[in-house]
Every structure is written in structure tokens, then in C-alpha cells.
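Visitor: I have a structure open and want to learn how to read it. Where do we start?

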Amino acid sequence: MKLEIKGLSFSFGDKKVLKDVTFDVEPGEFIGLMGPNGSGKTTLLRCIMNYLNPPADSVLLDGVSTNTQSSEDLARTFAVVPQSSSTDFTFSAYDIVMMGRLPHRSSRFAGPTMEDAAAVQEAMERTDTWKYATRRFFALSGGERQRVIIARAVAQRPKALLLDEPTVYLDINGQLEVMDLIKTLNKEQGITVISVLHDVNLAARYCDKIALLSNGWLEAYGSPVAVLNPDTIQSVYGVDVVVRKDPFTNAVYVMPHSSLAAGPRHGRRVHLLCGGGVGGPFMKSLLDAGFGVSTGVLNVLDSDFENARDLRIPTVAELPFSAISESAFRDNIALVRDSEFVVLSPFPVGPGNLKNVEAAKQAAAMGKRVIVVRPEEGRGIDFVGGRADEIVKELISSGAIPVKDMADMLREISRGVA
Amino acid sequence: MSLSRPDTEDEGVDFAKVMRRRLVWLVLLVVGLVASAFVAVLVGTLGPIGPGDPEYISFEEAFGAIFHGQGDLPDYYANVFWEVRIPRVLLAAAVGAALACAGTAMQAVFRNPMADPFIVGVSSGASLGAVVASLTGLASIAVLGALMTPTLAFASALLTVFVVYYLGVVGGKVYVNTLLLSGVAVAAFLGAMVSLLIYFAGQQYHRIIFWMLGSLSMASWTAVIVVVLAAVLGIVLVYISSRDLNALLLGEETAHNLGVDAEGLKTLMLVVAAVMTAAAVAFTGVIGFVGLIIPHMLRLVVGADHRILVPAATLSGAIFLIWADTVARAVIAPTELPVGIITALCGGPFFLYLLRRNRILGDAL
């Protein structure tokens with residue numbers, strides 16, 4: 001089954017909800033429909049299903065416009081799983097799944113056949129819902145109910161599943177269970193999946209392609225890696241995100257922040273000496289407090305290097321796993337010179353990055369206000385036989401301000417600014 | 001589908017067992033209906049069962065009058081059975097069946113437990129027609145007069161439904177919530193007009209009130225034929241839409257997604273229910289409660305699947321109204337109570353009992 005959406009526009013009265021949306025879905029693909037609330041995702045699904053009537057020839061199924069097909073024909077091609085389903089009426093889970101056989105009846109008047117019964121049992125066993133077959137549908141939990149609805153979709157023997165945020169009311173376990181089930185159906189039976197998803201990371205993990213809608217326009221369509229980049233997400237959702245890779249699945253992993261680069265609100269600059277991932281919270285809190293932040297020297301691949309890159313902080317970089325070179329050190333000192341404050345964060349110090357501690361000493365010598373963050377004496381972050389601790393002691397005795405944590409650091413700097 | 005809880009978790013569903021259970025229910029109800037009708041015919045002031053006052057006759061004599069025509073009894077004995085009692089029981093059965101079936105369909109279309117056959121204004125429309133017929137004297141015209149009230153009631157009921165339906169349809173789509181509220185508003189408006197007419201009706205008001213509470217005392221073979229025709233047609237159409245109605249209970253979008261033509265189904269059900277109800281009400285006045293309570297009761301007993309619910313509710317509606325009418329004419333014989341009072345008095349408490357019991361059991365029946 002090949003689905004083509006061709007120049008699809010749709011309006012509710014004067015309100016244009018879909019604007020010239022065009023994309024193709026190949027057989028067996030797993031497509032995530034994403035976009036902010038009100039961007040037209042559900043409307044798009046309803047147009048595909050012909051529940052809302054799209055303009056002629058804007059939704060084509062194997063080249064045939066869906067307008068010309070009856071709802072029964074469409075129901076043999078598509079099975080829909082809504083966000084949640086409820087009914088006050090006393091249907092058993094079995095009854096609900098049996099409804100998936102409606103589009104396959106031989107005539108309007110035909111009752112269920114043994115073939116239908118077999119299809120229902122198979123679908124329920126597949127989705128692990130056979131054990132609730134006789135239970136009341138409305139007495140099941142949200143996750144159980146959603147699995148029953150998926151069983152109904154399976155019993156429908158569709159070529160494609162259309163899902164509208166199938167996991168939105170489920171807990172984490174339920175979410176993964178349902179998504180894994182859908183993925184299995186997709187992989188094993190080659191059922192095409194088109195699913196509205198809100199959770200970017202769920203989408204990145206399960207989808208082959210993502211269609212990103214914004215205000216009715218199709219903003220981007222392609223692989224998760226191509227679509228889920230910070231710039232696109234910023235322009236569609238208006239939030240800053242950090243995009244990393246999930247260390248175990250290699251899927252794109254998106255971390256949203258309300259605003260990342262708040263930008264300096266006052267001209268004050270802070271140079272942060274960090275490494276090994278210790279610096280991330282410092283960078284963020286200094287940016288949030290309105291300071292201009294720079295950092296260095298950081299090895300490429302160091303997590304603080306990635307933090308700084310994602311926050312777009314000027315950084316002096318060194319080759320991966322290499323000791324800080326003389327030239328990098330000089331560049332670092334140059335950034336120190338441009339700053340008013342220098343913060344020495346409690347990062348682990350080894351022979352390769354001892355120069356970053358020495359940079360603090362130079363800063364003090366240049367008359368910069370140096371703040372030393374030391375949670376406790378001898379926390380074991382000195383891997384150079386006490387030389388780093390020694391420098392720190394000297395710094396403090398020569399007027400650097402010792403603080404015990406990040407909050408104190410911010411307070412100290414703010415006092416210095418005022 | 002009505003299912004009992006399996007003893008072990010993986011017992012699953014025994015398809016054949018479910019079908020067998022349904023068949024047993026239907027057979028029981030059919031037997032119950034025939035037996036009820038038979039007994040009800042024998043109950044009355046002239047009959048072997050019941051008040052027996054002023055005239056008691058034995059079973060033998062009653063059967064003689066029914067099956068052999070005259071026998072050695074006076075002529076009017078046979079007439080009492082063939083012209084009064086039997087059409088009355090048949091009419092009760094047909095009206096009860098029509099109301100229960102229409103109520104089942106309306107509850108599915110509106111997905112609202114308070115829906116009944118009168119939800120789109122049938123009762124208020126019919127009442128207005130009947131009141132007008134009485135007050136204008138149309139009902140008193142010789143020969144034609146007896147049919148004037150039903151005709152006017154039927155016509156004005158359908159007209160009302162048409163107006164309500166028109167108000168509830170926007171751009172070819174039937175919006176059930178709009179329809180429901182239009183029904184309420186139109187019913188209130190027509191109800192006020194009926195009240196106004198009653199206020200000025202003078203001595204006639206007693207007759208009108210009696211009509212509005214519903215009574216089978218106007219039963220005739222004409223009424224039986226008309227109502228049976230409408231009921232059979234309606235019941236067949238509702239029954240063959242059973243699986244579609246099941247899907248509709250999950251919402252219109254879900255029904256559409258399962259391949260059901262939801263708009264067509266809603267319109268068909270509204271028309272069918274309106275015609276059935278209007279035909280019934282035209283001859284009997286407004287008999288409340290049957291169309292609301294019987295579908296609920298049977299849903300609690302046989303489950304929500306319309307393939308069993310529609311026939312079961314229809315048969316039960318017929319049985320229920322036969323007995324309600326029998327009680328109505330027996331309790332204060334030789335006069336009678338409006339049957340609508342009996343339906344509410346009996347049905348209410350029993351329904352509450354079922355409702356409570358079911359909440360406590362809390363499993364699929």
C-alpha cells in the first residue's frame with residue numbers, strides 16, 4: 001500500500017488547518033506525525049481516513065483518491081487507534097475486538113463467522129489481551145484498554161495503522177509496551193504505521209521518518225536525524241533543545257530547555273574552567289543569570305565540550321584525549337583576559353588538564369576576580385599528587401574567593417556585579 | 001455479547017456457549033410473550049381470572065367464547081374477547097415492542113442513557129395533535145372521528161420530529177447533542193402549548209390528561225394493524241443495523257473508522273424510531289418509561305450487544321406492557337388506571353434494584 005498526500009489543504013470554515021501538505025508514505029514505513037498542538041496532525045489523520053472530506057485527489061491510496069472509496073473499503077486498508085477509548089456500555093473486551101471485523105462482513109446483515117472468531121482470538125493472543133477477553137472494557141486500566149484497541153486494529157487486518165498519540169495516557173512502562181507492540185506489527189507483518197506522537201524521543205526511537213507539521217504546513221519530512229535538529233525544533237516549537245545520541249540505541253535523543261542561550265543581559269563576562277561534565281550546570285546557571293560565558297580548555301568529545309557546543313558558548317578546544325597544548329593554553333588565557341570573573345569549577349584534574357588550574361592562577365595574577373568552587377577538602381579530584389590542591393590553596397590565600405557550591409558562586413558573582 | 005467470567009484466567013471465550021445462552025434467552029422470552037398474552041386475555045371483569053365482578057365465567061366458558069364463537073353463551077361474550085380484549089392485548093404487545101425497540105435505537109444513537117423514544121419530540125408533538133383533535137371537535141365526528149385523534153397525533157408527532165431533525169443537522173451532518181437539545185427545547189415549547197390548551201379546555205381536561213398518561217382503552221383492530229405494521233418494519237430495520245449500532249456506541253468517529261456509515265445510520269434510526277413511536281403513541285397516548293427502562297434492564301441482563309439486545313428488549317417491552325395494562329385494568333375494576341402510571345410504578349423500583357446489583361457485581365454480564 002502506497003499512500004500519497006498531494007497538496008492537501010483543509011479548512012474548518014475560515015480557519016485553514018492544513019496548508020498544501022505533500023508527502024509520500026512507502027509500504028511498511030513507520031511514520032511519526034509531529035508538531036505543536038493545533039498544528040493539524042489529527043486533522044491530517046482524519047483526512048486520510050476520510051472522516052473529514054479532503055479535496056478530491058489530495059489523498060491517494062495506490063494512486064486512487066480516497067474520496068471515491070466507501071468507509072468500509074477504507075476500514076479494510078486502515079485501522080485507527082485513538083488517544084483513548086471509553087464507553088459507558090457494558091461491552092466485553094472481546095466484543096470490542098470483534099468490532100474490528102465489521103469491515104470484513106459479507107453483507108450488512110451478516111453476523112460474526114467462525115473465521116471472524118479466529119481472527120479475533122489471534123489478534124487478542126498477539127497483543128496479550130486474550131486473558132481479559134471476558135472482562136468489561138471500561139473496567140480495564142488505560143494500558144490494557146489501549147492494547148485491546150490495538151487488538152481490534154489487528155483483527156481488522158489492515159494494511160496500515162493510523163494512531164493518534166496512542167501512548168498519551170499511559171505510564172512509561174505502558175508507553176514502551178504499546179510502542180514495542182506497534183513496532184513488532186510493523187516489522188513482522190509489514191503493516192505501515194502512521195502515528196501522531198508528542199514525545200520527541202519516542203518518535204526518534206521508533207520512527208523511520210518524521211513528518212513535522214507547523215501551523216498547518218509540513219515543515220520537515222525525513223529521518224529523525226534529519227528532522228530533529230535544534231534549529232528546526234526551535235523554529236517549530238519555539239524551545240531550545242540539545243540533541244544527543246541515546247548511548248544504548250544510537251537513536252537521536254532530544255533534551256528540551258525552555259531557553260538555552262538567554263544571551264548576556266548585561267555586559268559582564270565569566271570564564272569557566274571546567275571539564276569531565278562538571279561544567280554543564282555552571283554554564284546553564286551563569287547563562288540564565290544573564291552573564292556572557294566562555295570556557296576552555298576542553299577536549300573534543302569531553303562531555304563539557306558538548307555541553308558548551310550545545311549552549312553555543314565560546315570554547316577553546318583541544319584534540320581528543322590530548323594534554324593541553326601551549327597554544328590552547330594561550331587562547332584560554334586570552335578568553336580569561338576578556339572576562340571579569342573566572343570560575344574554577346570542581347573538575348577532576350589530571351596531568352593533561354592541570355594547565356586549566358594554572359590558568360586560574362594566571363587570572364588571579366592578572367587581577368581578575370577568581371572564584372574557587374570546592375565542595376569539601378580532599379574530595380579526590382586531584383589526580384596529580386596534590387599539585388592542583390596546592391595551587392588552589394595558594395589561590396585562596398592570595399585573595400581568590402572560596403565557595404562551597406554553585407548557588408554560593410552565583411551569589412558571590414552577583415554581589416561582585418552589584 | 002453476554003459472557004460470564006471464566007474460572008481460570010486463560011479460559012478465554014467459548015463462542016458456541018455464548019450463542020447458546022442467547023438462544024435460550026430468546027426462546028424464554030418468546031414463550032413468555034405468548035404465555036403472557038394468553039393469560040392477559042383471560043383477565044378482566046368478564047373472565048376466569050381477575051376481579052370477577054360483575055360477571056365471573058369459568059375457563060371452559062372463556063375458551064368456548066374465544067374458540068367456538070358463540071356456543072351457548074350470550075353473543076356479547078365472544079365480542080368482549082374478539083373486539084375488546086384480544087385487540088387490546090395485541091396492541092399492548094405491539095406498542096411495548098415498538099417503544100422498547102425505538103428506545104434501544106435512540107440510546108445507541110445519542111450514546112446517552114437518558115435517551116428514550118420521545119427524545120426528539122414525538123410525545124409532545126403527538127400530545128398537541130391529540131389535544132387539538134379533542135378540543136376542535138374533530139374527534140367527535142361520526143365514523144371518521146375515532147381515527148381523527150390518532151391521525152392528527154401521528155401527523156403532528158412526525159412533523160415535530162422533522163423540525164427537531166432539521167434543527168440538529170448542519171451541513172449534512174447530524175449533530176446528536178444539538179439534536180438532543182433541540183428536542184428538549186421543542187418539547188418544552190409544545191408542552192407549554194398543550195398546557196395552555198388544557199387550561200382553556202374546561203371539562204375536557206380529564207380526557208386529555210388520561211390520553212397524556214397513556215392508555216390502551218382505545219384499542220381496535222385498526223390500531224392493532226397499523227401499530228403492528230409500523231413496529232415490525234421498525235424492529236426489522238433496527239435489528240439488521242445491530243452491529244452498526246454496536247460500533248456507534250463507541251463514538252461516531254470510531255464507527256466511521258470501522259467502516260460504518262454513521263450519518264446514514266443515525267438518520268435511518270431516527271426516522272425508524274420516530275415512525276414506530278408516533279404510530280404507537282397515536283393510538284395509546286404517551287406511555288412513558290417502557291422505552292427508557294426496558295433497554296437498560298435488558299442491557300444489564302444480556303449485555304450491550306444489539307444483536308441480542310434488540311430482540312430481547314423488544315420482546316420484553318411487549319411482555320412488560322401486556323402485564324402493565326393487565327394490572328391497570330384489574331386493580332380498580334370495573335374502571336381502570338392509565339397504564340403509564342403502572343409502567344412507572346413497577347419499572348422504577350425494579351430497575352433501581354438491577355442497577356444496584358450490577359454495580360456491586362461489577363463484571364461483564
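Guide: We will look at a helix, a single residue and a chain in turn. Keep in mind that this is a predicted model.

Visitor: Which residues of helix α10 of chain A are buried?

Guide: The general idea comes first. An α-helix has 3.6 residues a turn, so residues three or four places apart point the same way. Now the case here. Helix α10 of chain A spans residues 279-288. Its buried residues are A:Gly279, A:Phe282, A:Met283, A:Leu286 and A:Leu287. They lie on the same side of α10(A), because they cover an arc of only 125° around the axis.

Visitor: What covers the buried residues of α10(A)?

Guide: The cover includes strands β13 (269-273), β14 (292-299) and β16 (341-344) of chain A. Helices α11 (303-310) and α15 (406-417) of chain A are also among the covering elements.

Visitor: Which residue with a positive phi follows α10(A)?

Guide: That is A:Gly290, with phi near 95°.

Visitor: Now a single residue. Is A:Val357 buried or exposed?

Guide: Count neighbours: 20 or more other C-beta atoms within 10 Å make a residue buried. A:Val357 has 22, so A:Val357 is buried. This valine sits in helix α13 (residues 354-365) of chain A.

Visitor: Which residues does A:Val357 touch, leaving out those up to four places away in sequence?

Guide: A:Val357 touches A:Leu344, A:Val349, A:Ala388 and A:Ile391.

Visitor: And chain B? How many helices and strands does chain B have?

Guide: Chain B has 14 helices and 4 strands. Of its 365 residues, 50% count as buried. Take the contacts in chain B between residues at least 6 apart in sequence: 73% join residues at least 24 apart.

How values were computed:
Residues are numbered from 1 along each chain as its sequence is written. Chains are lettered from A and ligands numbered from 1 in the order in which they are written. This is a predicted model: local features need pLDDT of at least 70, side-chain atom pairs count only at pLDDT 80 or more; totals for chains, interfaces and linings use all residues. Helices (H or I, at least four residues) and strands (E, at least two) are DSSP runs, numbered from the N terminus. A residue is buried if 20 or more other C-beta atoms lie within 10 Å of its own, exposed if 12 or fewer, and partly exposed in between; C-beta atoms are placed from the backbone. Two residues are in contact if their C-beta atoms, placed from the backbone, lie within 7 Å. The arc is that of the directions from the helix axis to the C-beta atoms.
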